[in-house]
Amino acid sequence: MLKHLSIVLASKSPRRQELLSLMGLNFKVELKDVDESYPEGLSPAEIAVFISEKKAKAFTSDNEIVITADTIVALNGEILGKPIDRADAQRMLGKLSGNKHEVYTGVTIVSGNQIKSFYDKTIVYCKTVSATEIDFYIDNYKPFDKAGSYGVQDWWGLAVVQRIEGSYTNVMGLPTEKLYQELLSFA
């Protein structure tokens with residue numbers, strides 16, 4: 001339906017690339033290094049949108065639509081970003097074990113002088129897992145490039161996530177239903 005759009009996905013995430021492909025969109029991937037720091041005092045939703053907009057500002061978009069996104073995992077107000085090492089991943093996954101947390105993805109769409117940002121929130125419930133299961137997950141799935149140290153589309157999502165409230169694709173890193181609706185306004 002939106003195949004005629006010339007889209008740039010500014011993300012190295014294979015999951016975001018897969019989701020755009022599944023949506024039937026034609027796109028190319030362009031990457032730019034962007035500092036992902038943010039000011040203190042922002043809510044998780046504000047952080048996700050702030051970083052997404054920061055990424056978008058690194059691009060110029062004359063005849064193309066640029067899509068940027070950032071995903072944040074929050075547990076009781078604490079932001080769980082990408083783990084810096086194995087011990088950090090173990091710490092994060094241990095905190096998620098037996099608890100519910102929120103996943104926020106901020107998305108920014110830019111075309112010429114048009115800019116639109118939005119976010120989605122999903123609540124994720126995890127069962128309690130052992131340290132051995134956490135080590136198995138880290139050893140076999142290497143979740144070092146994922147917010148919160150896990151991917152809902154792999155073993156963690158299949159064996160540990162009990163249920164979600166909200167968008168599944170949001171937890172993967174891109175709320176596709178909301179993105180589709182927003183892209184219609186650019187068509």
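In which helix does D88 lie? In this predicted model, D88 is part of helix α3. The residue has a relative accessibility of 12% and is therefore counted as buried, the cut-off being under 20%. When neighbours within four places in sequence are set aside, the contacts of D88 are with K82, P83 and S149.

Helix α3 spans residues 86-96, and its buried positions are D88, A89, M92, L93 and L96. Viewed along the axis of α3, these buried residues fall within an arc of 125°, so they line one face of the helix. The packing partners of the buried residues of α3 include both strands and helices. The strands are β3 (65-75), β4 (78-80), β5 (100-111) and β6 (114-126), and the helices are α4 (131-141) and α5 (155-160). At the N-terminal end, α3 is capped by D85, which has a side-chain oxygen 3.3 Å from the backbone nitrogen of A87. After α3 comes G98, with a positive phi near 75°.

Helix α1, covering residues 14-22, has R15, R16, L19 and L20 as buried residues. The arc that they cover around the axis is only 135°, which puts them on the same side of α1. The buried residues of α1 pack against the strands β1 (7-9), β2 (27-29) and β3, and also against the helices α6 (168-172) and α7 (176-184). The glycine that follows α1 is G24, where phi is positive and near 80°.

Helix α2 contains V49. With 15% relative accessibility, V49 counts as buried. V49 and Y119 are separated by 70 residues in sequence, while their C-alpha atoms are 6.6 Å apart in space.

The largest pocket of the model has a volume of about 770 Å³. It is lined by 37 residues, of which R16, E36, K55, D70 and K82 are the closest to the centre. R16 is also one of the buried residues of α1, and K82 is among the contacts of D88. At least two lining residues come from each of α1, α2 (44-56), β3, β4 and α6. The greatest contribution to the lining is that of β3, which supplies five residues. Classified by residue type, the lining of the largest pocket consists of 18 nonpolar, seven polar and 12 charged residues.

Positive phi values also occur in residues other than glycine. For N76, phi is positive and near 50°. N76 is located in the loop that connects β3 and β4, and its relative accessible area of 73% makes it exposed, the threshold being over 50%. K142, likewise not a glycine, has a positive phi of about 40°. The position of K142 is in the loop between α4 and α5.

Key. Residues numbered from 1 in each chain as written. Heavy atoms only, no water. Buried < 20%, exposed > 50% of the residue type's maximum accessible area, 1.4 Å probe, protein only. Helix = DSSP H or I, 4+ residues; strand = E, 2+ residues; numbered from the N terminus. Arc of directions from axis to C-beta. Contact = heavy atoms within 4.5 Å. Polar contact = N/O pair within 3.5 Å; in protein donor to acceptor, adjacent residues only side chain to side chain. 1 Å grid on protein atoms, 1.4 Å probe; cavity = no way out; pocket = protein on both sides within 12 Å on 5 of 7 lines; lining within 4 Å. Points joined across faces, edges and corners; volume = space filled by probe spheres on them. Nonpolar A, V, L, I, M, F, W, Y, C, P; charged D, E, K, R; others polar.
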